[in-house]
Amino acid sequence: MSFDGLIEAIIDGVLTGGVYALMAAGLSLIFGVMDIINIAQGAMVVLGAYLSYVLSVHLGLDLFVGLLITVPAMFALGVLLEWGFMRRLREGDRTSMSILVTYAFAIVIEGVLTLIFGSDYEELNASYTTNSVHVLNFYLPEIYLLGFAMAAVLLGGLYLLFFRTKFGRGLRASLQNRTAADLIGINVNRTRMLAVGIGVAVTACGGMVYGATVAFNPDSGYDLISRLLAIVILGGMGSIGGAMASAVLLLVLADVVAVAWAPVWSILVFFAAILLVLSVRPEGLFGARAGRAQ
Amino acid sequence: MSASAGTDSSSAAPAVPGSSAPGTGRIRLATSLFVLVVLVVAVLFPLAENSRQGTMSIAVFAVIFMVAVSAWNIFSGYSGYLALGHAVFFGVGAYTVALMAQDWHVPAGWAIMALLPVCGVVAGLVAIPVGLVALRTRRHTFVVVTIAVFFIFQTLATNLAFTGGTGGIQLPFVSWTFSVYNERFYYVALVILVATVALSWAVRRSRFGLQLMAIRDDEDRARGMGVRTGRVKLAAFVVSAIPVGMVGGLWAYFLGSVYPQSAFDPLFDIALALMGFFGGIGTIAGPLVGALVLESLQQYFTQTFSANGLYLIIYGGLFLVVILLMPRGIVPSVSHRLRSWRAQRVDRASKPAAGSDAAGVTG
Amino acid sequence: MSVSLIDVEGVSKAYGGVQALQLCNLSVPEGSISGLIGPNGSGKTTLFNVITGYERASAGEVRFAGRAITNSTPDRVFNLGIGRTFQLTRIFARLTVLENMLVATQRSEGWLRSVLRLAGSASERGRALELLEFVGIARLASEPAGNLSYGQRKLLELASLLVADPAVLLLDEPAGGVNPTLINQLSARIRELNEAGKTFLVVEHNMEFVMALCHQVTVLSQGRTLISGTPDVVRADPGVLDAYLGDEGTEDSDDTPAPASLAAASPRVETPSAGPPSAAQPPVLTIKGVVAGYGGGDILRDVSFDVPEGGITCIVGPNGAGKSTLLATVTGLLRPRLGEIRFRGAPLTGLSPGQIVGQGISMVPQAHSLFPQMTVEENVEMGAFTIRDRALVAKRLASVQELFPIVKERAKEKAGSLSGGQQRLVEFARCLMLDPELIILDEPSMGLDPQTRGTVFETVTLMNEQGRTILLVEQNARAGLRLSTRGVVLENGTVRLTGSGHEVLEHPEIAALYLGGSVSAPSAG
């Protein structure tokens with residue numbers, strides 16, 4: 001393995017890490033707001049990919065343009081989920097129940113996709129998915145660069161949303177002290193609903209980039225959610241910044257391993273990392289120190 | 001975890017002297033008779049259905065899942081820690097039997113059946129390090145860790161040389177006649193099932209089971225009262241892995257081959273949880289009912305329609321319905337109805353009770 | 001003469017900046033029933049936690065029968081023969097009552113053996129049933145413990161400890177939330193067990209219960225041991241009453257203990273500047289016949305009083321009286337079972353906290369309610385979250401900054417880094433952003449040092465002078481009543497005394513209310 005190969009792997013890891021960071025941030029957000037682990041996040045990414053596929057193949061829309069439709073659609077899905085299901089889970093065992101409920105969603109989504117599209121692998125195609133940009137002596141696929149740029153813009157947008165808007169202040173307030181937020185008159189329920197909507201909407205973007213880089217079929221959700229979970233656990237559940245940092249870290253590691261040894265081992269990096277971290281620091285790299293396990 | 005526990009009548013504590021439930025002895029008698037009848041039906045079942053091989057093969061799968069869910073329940077049901085990675089043990093069992101048959105050139109036939117306990121033991125051994133790592137975390141991180149471990153194993157199976165990679169391993173084809181093939185697998189599975197249910201029942205009644213359930217209800221308090229929570233949880237985890245490994249081996253032999261994707265199938269994990277919750281986790285009959293109903297349904301679907309997305313939708317949808325409307329599962333809900341129906345009869349029959357203690361009976 | 005079974009010597013415990021226990025001493029003689037009392041926040045539960053290993057002591061030693069057991073783990077403490085109950089009763093809800101009992105017999109056993117043995121041998125079951133009989137719930141043996149009423153759960157918790165035959169039992173508020181008949185049963189059982197040789201250490205707020213039952217009583221105040229002696233000695237000690245009733249809340253309060261009434265030691269008794277309310281004005285808040293509780297039983301049992309317009313009304317009373325519960329019903333955090341609450345005639349019961357805020361009522365809860373990651377300025381602005389008019393918000397912010405200079409001074413600092421007293425002031429500032437007519441304060445001076453307390457009380461008076469009605473609950477009864485136009489004494493969920501702040505301050509029955517003893521029929525002011 002050459003030094004150049006190593007550098008390229010690192011760059012690739014950073015670029016793809018950006019997109020994973022976006023999707024993982026959504027997962028972390030949902031957990032932080034609702035105490036719910038959305039196992040369906042992976043399936044939703046696949047759903048987003050299929051939506052982009054339909055718009056691209058049947059309507060001829062450019063992939064990025066198609067996002068204008070898929071993002072609001074996924075947002076609506078998230079809102080519907082919170083309002084219809086997540087809200088009704090009892091506070092006490094909400095997290096454990098949410099794992100099962102969202103896992104069931106993931107299955108339903110997979111079923112619907114299989115019914116409509118079958119099990120064949122699909123791909124999103126556009127000029128930029130096949131072209132590469134020549135930088136120094138590396139060939140970087142255009143889609144990686146565009147995807148990273150989009151993720152960076154969106155993450156920046158989310159930052160602005162959380163820290164510069166009224167809604168964002170209300171959201172942060174409900175996260176920091178729910179009772180006080182109630183007493184000030186913040187509509188905590190609505191805030192949560194919208195936050196979940198955002199958490200799901202990001203999967204539309206992630207789905208488009210994912211589908212443009214990798215061949216996918218309805219089954220692909222499992223591989224995705226396992227990576228996302230690894231990222232979020234490593235970063236600490238509920239810490240959006242942590243999710244972002246560990247996304248880039250893990251993707252870089254995985255790509256390096258893929259180049260240094262073999263691509264198939266890269267997935268192991270994810271899990272080995274979380275097992276290692278959890279043995280030493282059960283709350284993840286950035287997670288708050290938990291009280292006694294109950 | 002919204003699950004019910006010791007209300008399953010087949011495993012209640014022995015009747016308290018002076019207990020106010022007049023029919024307790026009769027209930028236990030009825031339950032024992034019921035169990036006996038079920039056993040007889042189970043044993044005689046193939047004779048009636050012999051001509052319909054489709055049904056028999058459904059039955060084999062159903063019994064396999066009944067074993068797996070019962071075993072899973074010994075850990076997750078009694079301790080309240082949701083393990084979504086037991087497919088690891090299933091797959092390990094499957095690969096163990098395949099590798100043993102391949103490397104030791106075991107002839108097809110009953111000899112392979114004798115290897116099944118080895119599969120169980122290997123699965124149990126694998127469960128030790130897995131449990132040691134996973135049980136260090138809080139409950140909901142634990143779930144995710146078990147999922148993660150599962151994917152590691154799936155990757156290992158796909159990529160390690162000795163597991164045959166994506167091509168998998170073929171098992172020697174057993175040359176039994178078609179008509180007895182399903183039947184024999186069915187009986188072997190039934191034997192494992194009886195053993196597993198007996199184990200579940202024994203654990204439920206034992207001190208060990210009591211400690212597990214105390215952990216489920218209030219782990220810190222249990223520890224404060226002297227329960228060695230770490231050891232108890234690990235022991236339950238390992239014990240639950242063994243039957244799953246055994247039926248994993250049986251399943252592999254039944255199908256004749258193992259592949260990484262099928263032996264380590266994420267749907268398996270969710271199926272265990274679904275069947276457990278559907279029937280009622282923490283009880284003994286619950287996993288059996290859940291597995292019987294759901295697996296039969298699923299097999300029927302895949303046989304009648306092709307494996308398209310419809311059954312996935314129904315599966316997931318069914319689970320949602322169960323979780324949201326009947327979170328305790330079928331068996332506890334039904335037994336709850338039965339008990340309150342019986343209590344009403346008792347109330348009507350007996351005189352109104354004299355003044356209870358100042359605090360009242362229900363809070 | 002009698003050997004000391006549990007010895008606590010010089011134990012200190014600090015949480016961050018708060019000193020929960022300071023060089024605390026306690027001695028429990030073998031065979032005695034000892035009581036541990038003290039006002040809220042004095043460190044009683046912390047001391048329990050340190051003794052039983054749930055928390056680590058920063059300094060000092062705990063000894064059991066002469067052997068040091070400091071910082072042992074809870075299960076080790078349990079195995080040594082020290083059992084404890086919890087303030088919020090803990091049982092294994094899904095196990096049956098009998099199974100709950102059997103868990104305690106599982107101690108010190110290899111797990112392999114325990115798989116093969118039944119959950120509870122015949123003799124263990126027999127003994128468990130005997131104990132259930134002893135506390136009176138044997139007939140519930142097959143019931144899931146979660147179905148038990150609150151009082152029955154307490155009995156079960158006690159019984160399940162007895163299974164392990166401990167030498168000493170630590171009971172944390174055994175009489176809390178339990179009806180009088182059951183309290184008597186509990187006392188009787190404890191006495192019986194004590195006569196059979198068991199030692200008890202009981203934390204309780206119910207003074208009658210403690211004084212009647214215990215051989216000796218230790219009083220904790222602000223983490224220190226104040227006094228230890230027989231109930232009569234403790235009751236008569238003026239320092240104890242001081243600890244419960246609090247000091248003046250001003251810097252110049254001298255240290256001489258007050259006489260048995262609430263009247264301040266210093267000769268001048270200030271009447272609050274707002275003056276008594278005119279009888280013609282209707283009360284801002286009317287509370288009638290409120291009955292409320294949290295699942296386990298009613299804490300408020302028929303509370304009725306009025307909050308006059310423009311004044312400062314202070315609710316005082318011993319612990320467990322229901323003061324915080326009452327505030328929760330007013331602010332919409334708890335729905336009363338019976339009764340009604342009206343704000344200027346319009347009903348408040350049934351509204352959500354957000355809607356109540358919209359009516360012109362602002363509340364500062366007891367626990368820290370700032371958003372710790374946000375700056376001071378952001379926190380204060382959050383108070384006006386529901387106001388859209390930016391100009392109005394800016395105007396309010398300016399006036400608030402005048403009243404509370406700290407808002408301007410520490411504007412850009414994270415709220416979580418401020419001291420307790422400073423956070424309180426910012427909380428006041430925040431609640432003023434909505435220009436409320438009625439301000440509700442839950443224990444504003446809790447946990448603050450005397451100097452800061454003074455500032456807090458001055459601020460309360462200032463806010464009142466702006467024309468706002470104030471309703472506050474105060475642990476520090478003397479200071480709270482001194483600045484109030486109206487005082488309401490709550491005890492055991494009912495109103496015992498009302499009157500002007502001054503009248504309640506000087507009422508001779510106050511000591512009896514706080515420290516136990518017969519109380520005459522409720523008198524109106």
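**Helix packing between chains**

Tutor: Helix 4 of chain A and helix 5 of chain B run roughly parallel to each other, because the angle between them is about 25 degrees and angles under 35 degrees count as roughly parallel. Please keep in mind that this is a predicted model.

Student: How far apart are the axes of helix 4 of chain A and helix 5 of chain B?

Tutor: Their axes lie 8 Å apart.

Student: Is the crossing of helix 4 of chain A and helix 5 of chain B left-handed or right-handed?

Tutor: The crossing of these two helices is right-handed.

Student: Which residues make the contact?

Tutor: Helix 4 of chain A contributes Thr95(A), Ser96(A) and Ile99(A), while helix 5 of chain B contributes Arg139(B), His140(B) and Val143(B). By class, the residues of this contact are two nonpolar, three polar and one charged.

Student: Changing topic: into which domains is chain B divided?

Tutor: Chain B has domain 1, at 76-264, and domain 2, at 274-338. The centres of the two domains, taken over C-alpha atoms, are separated by 21 Å.

Student: How many residues does each domain of chain B give to the contact?

Tutor: Domain 1 of chain B gives seven residues and domain 2 of chain B gives four residues.

Student: And which elements give two or more residues on the domain 1 side?

Tutor: Those elements are helix 2 (53-79) and helix 6 (178-205) of chain B. Helix 6 of chain B has the largest share of that side, with four residues. The domain 1 side that touches domain 2 of chain B holds three nonpolar, three polar and one charged residues.

Student: What about chain A and chain C: how many residues are in contact?

Tutor: In that pair, 14 residues of chain A are in contact with 15 residues of chain C. On the chain A side, helix 7 (166-176) and helix 8 (178-184) each supply at least two residues. That side of chain A comprises five nonpolar, six polar and three charged residues.

Student: Finally, how many helices and strands does chain A have?

Tutor: Chain A has 12 helices and two strands. Along the sequence, the pattern is α-α-α-α-α-β-β-α-α-α-α-α-α-α.

Student: What radius of gyration does chain A have?

Tutor: Chain A has 19 Å, which agrees with the value near 19 Å for a compact globule with 294 residues. The C-alpha trace of chain A spans about 60 × 50 × 35 Å along its principal axes.

Conventions. Residues are numbered from 1 along each chain as its sequence is written. Chains are lettered from A and ligands numbered from 1 in the order in which they are written. This is a predicted model: local features need pLDDT of at least 70, side-chain atom pairs count only at pLDDT 80 or more; totals for chains, interfaces and linings use all residues. Axes are lines fitted to C-alpha atoms, for helices over the stretch in contact, and angles run from 0 to 180 degrees between N-to-C directions. Angles under 35 degrees count as roughly parallel, over 145 as roughly antiparallel, 65 to 115 as roughly perpendicular and the rest as oblique. A crossing is left-handed if the near helix is turned anticlockwise from the far one by less than a right angle, and right-handed if clockwise. Two residues are in contact if their C-beta atoms, placed from the backbone, lie within 7 Å. Ala, Val, Leu, Ile, Met, Phe, Trp, Tyr, Cys and Pro count as nonpolar, Asp, Glu, Lys and Arg as charged, and the others, Gly among them, as polar. Domain bounds come from an automatic or database domain assignment. The radius of gyration is taken over C-alpha atoms; the globule rule is 2.2 Å times the number of residues to the power 0.38.
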